[in-house]
Amino acid sequence: MIRLENVTVRAGHRVLVDDVSLRVEPGSWCTIIGANGAGKTTLVRAVSGLTRPDQGRISIQGRDVHTLSERERARGIAFVPQHPEIPSGMRVLDYVSLGRVPHHGVMRAPRVLDHQVVADVIERVDLGAFVHRDVVSLSGGERQRMVLARALAQGTSVVVLDEPITGLDVRHQLSILELLQREVLECGLTVLATLHDLTLAGQFADRLILLHEGRVLADGDSSCVIRSPALAQSYGIEVAVVNVEGVDVVVPRVGVSYREPRGNPGKV
Amino acid sequence: MIAAGSPPGVRRLIVVSGAVSIALVVAIGVGLAVGPIPIPANRIGGALVSYLGLGHSTLNPTQSLIVWQIRAPRLVLGLVAGSMLAVAGASYQGVFRNPLADPYLLGVAAGAGLGATLAIVKVGSSALIPAWTPWLAFGGALIAVAATWFIGGRSVRSTTATLLLAGVAVSALLTSVQTYLQQQASAQSLARVYIWLLGSLAGASWHSVGIITPYVLVSLGVCLLSARALDVMSVGEEEARSLGVRVRHVRWAVVAAASLGTSAVVSAAGLIGFVGIIIPHALRLVVGVSYRRIVPLSLVLGAAFLVLADTVARTVMAPSELPLGVVTALIGAPIFVVILSLRRPS
């Protein structure tokens, strides 16, 4: 379980995440949504241990993320950044194998188990045909699957992803999200992700958290958050939610100015 | 199931490892046998074997003196210096993720240059390079790197970019002082400064080899042990942290080790350029980007390359010598261009 207690992150005098508390249950998928600058990336970086909160506590399975050593943390949480660095000249197999470094360490060679895990993950993400290819020769969708494979190779119970489908076409977006969903359902993985596509966020996540200016504006079941008036307030546009064959599709309303609601939209 | 243990590059790695090992053996043979006074290789071989208690040496006393007191220490200094410069270059390139990084990046060259210039210019009456030049060069190099680290590397927020910029600033400052000292020096002192700056193994002795070797061995050990961490850091410092690597510790260890070893080498052999750039790059072109391959192969190829370059430096214009830094560039650059042009796209 991921647990945040009154987490605040500042950059100088600017508050990026403001007193956020939440719990993400094991084996569930929680997606953080919100406009650019809402604090989504800062929040997931803090959960991953890359940014230290100025106040509050973040724990995973009861252990404070920021008191763990880097290696212990990497065995508990895998992080996929928004723009992963792809080192030219490295083979896909070697890149995915980096995910096993937290287990065998940087002073020792991978063991048989590490090779087996990497081979298994590569099959799960369907990259078997590319293992000996240079990482830079892959398409955007293949690269993202490779980055995800590296994260899955870490064998952690929690995967944190920052905008994992940015820059991908619809087919590859679905392929990445379906892959993650399979890991949640079949392997009990806990996923904490940020997404910009509200329709896909609603389709795949068990729970949505709407962040606005560093604070949680709405938190709950996907369909409730998507239909909440807080959504329009957060993005500053009017949106319509249309149900198409059981799927809530969020449609921005072109040419309609956002109007502030009379009451406080409050938390969902 | 993926055949994780049988990538297609393994055969190439075996071939390259064999080739660089042969190059090293050839370099050792050439370094001992070739010189202005020809000594047959079989006699040198016989003398080597006699040390193991098998047979007896057929070298006459003069030949024995030339081989064991002149060529052998020079050969060992070449092996030690070449391996250290190449490994330091590869490690710097890994830790800074910058293909143009070389062992002199953080002020080693400028600090050692200033130290040596100070020693030479202040002893203007002597016709020789003063005996304490290596110590001042060594101290100057270490102080320069320490200053660079103090300015750009000790903060928690420091990055490789801040460290590089600090190195540029420190180097510029020390070079300006060195230039001022050179301007004040006599023509005789100035010539000696230039001889030192262009690098040479002519001053090699068992004493100098004995002094620098412990520093170099420790440095090589740290760099070799850090190779896997450098591979992880090639995906970026933050991602390396998320993979459990203590990036700041690795950076500190590699920079300290590579700088210490390079400072020791520079103090004994002057500023030998190009080895730290060309050797790791040439290997990268043929065996790939993994530092687990590049660092150990750089050790062997760097040693072989510098000994062969030194053999050229001391023989082509015998009895006078060419500056070693000139030879490393003259030999290395064309070879590098050929490898670059033969490189197949992945």
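Me: Let's start with a turn: which residue in the turn between β11(A) and β12(A) has a positive phi?

Reply: Bear in mind that this is a predicted model. Strands β11 (residues 239-244) and β12 (residues 247-252) of chain A pair in the antiparallel sense over six bridges, and N243(A) stands opposite D248(A) in β12(A). The two strands form a hairpin with two residues between them, and the one in the turn with a positive phi, of about 50°, is E245(A).

Me: How many bridges join β1(A) to β2(A)?

Reply: You can follow the pairing through two residue pairs. R3(A) stands opposite R23(A) in β2(A), while R10(A) has V15(A) as its bridge partner in β2(A). Strand β1 covers residues 2-11 of chain A and runs antiparallel to β2(A), and the number of bridges is seven.

Me: And which residue in the turn between β1(A) and β2(A) has a positive phi?

Reply: These two strands form a hairpin, with two residues between them. In the turn, a positive phi of about 65° belongs to G12(A).

Me: Now the open sheet of six strands in chain A: which strands stand at its edges?

Reply: The order here is β6-β7-β8-β3-β9-β10 (chain A), and the pairing is mixed. From one strand to the next, the twist averages 15°. Each edge strand has a single partner, so one side of it is left without a neighbour in the sheet; these strands are β6 and β10 (215-221) of chain A.

Me: Do β6(A) and β7(A) pair in the parallel or the antiparallel sense?

Reply: Strand β7 spans residues 158-162 of chain A, and four bridges connect it with β6(A). As one landmark, V80(A) stands opposite L161(A) in β7(A). The sense of this pairing is parallel.

Me: Which helix packs on the sheet and touches β6 and β7 of chain A?

Reply: Its direction makes about 165° with that of β6(A). The helix covers residues 140-153 of chain A, and its name is α6.

Me: Which residue is the bridge partner of L210(A) in β10(A)?

Reply: Strand β9 (residues 207-212) of chain A pairs with β10(A) in the antiparallel sense, over six bridges. They form a hairpin with two residues between them, and E213(A) in the turn has a positive phi of about 50°. Within this pairing, the partner of L210(A) is A218(A).

Me: What distance separates the centres of the two domains of chain A?

Reply: Chain A is divided into domain 1 (1-74 + 156-231) and domain 2 (77-155). Taken over C-alpha atoms, the distance between their centres is 22 Å.

Me: Which element gives the largest share of the lining of the largest cavity?

Reply: That cavity has a volume of about 60 Å³, and its lining includes L50(A), F79(A) and R241(B). By class, the lining has four nonpolar, three polar and three charged residues. At least two residues each come from α2 (70-74) and β6 (77-80) of chain A and from α10 (237-242) of chain B. The largest share, three residues, comes from α2(A).

Note on methods:
Residues are numbered from 1 along each chain as its sequence is written. Chains are lettered from A and ligands numbered from 1 in the order in which they are written. This is a predicted model: local features need pLDDT of at least 70, side-chain atom pairs count only at pLDDT 80 or more; totals for chains, interfaces and linings use all residues. Side-chain values use heavy atoms; hydrogens and water are left out. Two strands pair if DSSP finds at least two bridges between them. On a 1 Å grid over the protein atoms alone, a cavity is a set of points where a 1.4 Å probe fits but cannot get out, and a pocket is an open set with protein on both sides within 12 Å along at least five of seven lines; lining residues have an atom within 4 Å of a point. Grid points are joined across faces, edges and corners, and a volume is the space filled by probe spheres set on the points. Ala, Val, Leu, Ile, Met, Phe, Trp, Tyr, Cys and Pro count as nonpolar, Asp, Glu, Lys and Arg as charged, and the others, Gly among them, as polar. Domain bounds come from an automatic or database domain assignment. Axes are lines fitted to C-alpha atoms, for helices over the stretch in contact, and angles run from 0 to 180 degrees between N-to-C directions. Contact means heavy atoms within 4.5 Å.
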